[in-house]
Amino acid sequence: MKEITIENAENIRPSAAGFIAGMKGKKIFAFEGDMGVGKTTFIRAVCEALGVEDTVNSPTFSIVNEYRSQTTGELIYHFDFYRINRTSEALDMGVDDYFDSGALCFIEWPGKITALLPENTVHIKMEEQPGGSRKLTVLSP
């Protein structure tokens, strides 16, 4: 199990770089944590470090945003399943196709679609710490 601490907004970039270094070819990352803990902010920092030049925002209303790394050309999907009420809604949008695409997938609110997550999904728990820092704990695999 690996942990990353984000002390403050100024050190989020080194934390994102450390996260990327630990990705080791994994493609699907499920970020779990309370509302406002910084999931979108951290995913934005990771995407920027990966070479995404587009604005990275929460896909709360669109459910999924698509980005492309200007450095590697790699496709990145950013999901927010907060508004999903049934797994059938995710299936109807073709979530399996996204997960099977080989593209990077960063998922917020994965608990809404637990049954649909591939076995090789990396689960990350984000927690606010006393003093306002954030701790990311890689739970699996």
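Over which ring does the charged end of K112 sit? The ring is that of Y82, and the charged end of K112 is 5.7 Å from its centre. A charge sits over a ring if NZ of Lys or CZ of Arg is within 6 Å of the ring centre and within 35 degrees of the ring normal.

1. Basis of the model. This is a predicted model: local features need pLDDT of at least 70, side-chain atom pairs count only at pLDDT 80 or more, and totals for chains, interfaces and linings use all residues. Residues are numbered from 1 along each chain as its sequence is written, and side-chain values use heavy atoms, with hydrogens and water left out.

2. The main core. The largest nonpolar core has 26 residues, and F19, F29, F31, F42 and F106 have the most contacts inside it. Such a core is a set of buried Ala, Val, Leu, Ile, Met, Phe, Trp, Tyr and Cys residues joined through side-chain atoms within 4.5 Å. Buried means under 20% relative accessible area, exposed over 50%, and partly exposed in between (1.4 Å probe, protein chains only). Two or more residues each come from β1 (2–6), α1 (12–21), β2 (28–32), α2, β5 (104–108), β6 (122–128) and β7 (134–140). Helices (H or I, at least four residues) and strands (E, at least two) are DSSP runs, numbered from the N terminus. The largest share of this core, five residues, is from α2. A second, separate core of 17 residues includes F79, A90, V95 and L117.

3. Aromatic pairs. The model has twelve aromatic pairs. Rings of Phe, Tyr and Trp (its six-membered ring) pair if their centres lie within 6.5 Å; planes under 30 degrees apart count as stacked, over 60 as edge-to-face and the rest as tilted. The F19 and F29 rings have centres 5.4 Å apart and planes at 65°, so this pair is edge-to-face. Ring pairs join F19, F29, F31, F42 and F106 into a cluster.

4. K39 in helix α2. K39 lies in helix α2 and, at 5% relative accessibility, counts as buried. A polar atom of its side chain lies 3.0 Å from the backbone oxygen of D34. The C-alpha atoms of K39 and E127 are 9.7 Å apart, although 88 residues separate them along the chain. After α2 comes G51, with a positive phi near 100°.

5. N65 in strand β3. N65 is in strand β3 (residues 64–68), and its relative accessibility of 18% makes it buried. Its side chain makes polar contacts with the side chains of S62 (2.9 Å) and Y67 (3.2 Å). A polar contact is a pair of N or O atoms within 3.5 Å; within protein, one must be able to donate a hydrogen and the other to accept it, and residues adjacent in sequence count only if both atoms are side-chain atoms.

6. I63 is in the loop between α2 (39–49) and β3, and is buried at 11% relative accessible area. Leaving aside neighbours within four places in sequence, I63 is in contact (heavy atoms within 4.5 Å) with residues including H78, F79 and M93.
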